[in-house]
Amino acid sequence: MVRFDSNIIENLSYISNIISGNAFADADALWYGFQDKLFEFLNEEQGSSAIIPATTDNRPDWDDVKEVLQGQKPISELGCN
């Protein structure tokens, strides 16, 4: 039953992210969770690790991308950063 409840919560979270427009929320959570667990494992096993802060400067503005795809803005509005 725990897996079933967990799966429902995961699916509701996924649907919520689609509706809210945050396509990377689950991907970010997966990546940060993986880093945290790997960090803990390595340090518990007498290793040494560090988590480098994320860089999100080059992510596109998805509202702008949507407007370009819908023909409401020219593609030049997206820029090439």
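Author: Let's start with a term: a salt bridge is a side-chain nitrogen of Lys or Arg within 4 Å of a carboxyl oxygen of Asp or Glu. This is a predicted model, where local features need pLDDT of at least 70, side-chain atom pairs count only at pLDDT 80 or more, and totals for chains, interfaces and linings use all residues. Residues are numbered from 1 along each chain as its sequence is written, and side-chain values use heavy atoms, with hydrogens and water left out.

Reader: Okay, how many salt bridges does the structure hold?

Author: The general idea: side chains of opposite charge can pair when their charged atoms come close. Here there are 2 salt bridges. Asp 64 pairs with Lys 73, with the closest N and O atoms 2.6 Å apart. Lys 73 also meets Glu 67, at 3.2 Å from N to O. That links Asp 64, Glu 67 and Lys 73 in a network.

Reader: Is Lys 73 buried, partly exposed or exposed?

Author: Buried means under 20% relative accessible area, exposed over 50%, and partly exposed in between (1.4 Å probe, protein chains only). Lys 73 has 25%, so Lys 73 is partly exposed. Asp 64, at 22%, is partly exposed too, and so is Glu 67 at 26%.

Reader: And where is Glu 45 found?

Author: Helices are DSSP runs of H or I, at least four residues, numbered from the N terminus. Glu 45 sits in the loop between helix 2 (25-44) and helix 3 (62-69). Glu 45 is exposed, because its relative accessible area is 52%.

Methods. Helices (H or I, at least four residues) and strands (E, at least two) are DSSP runs, numbered from the N terminus.
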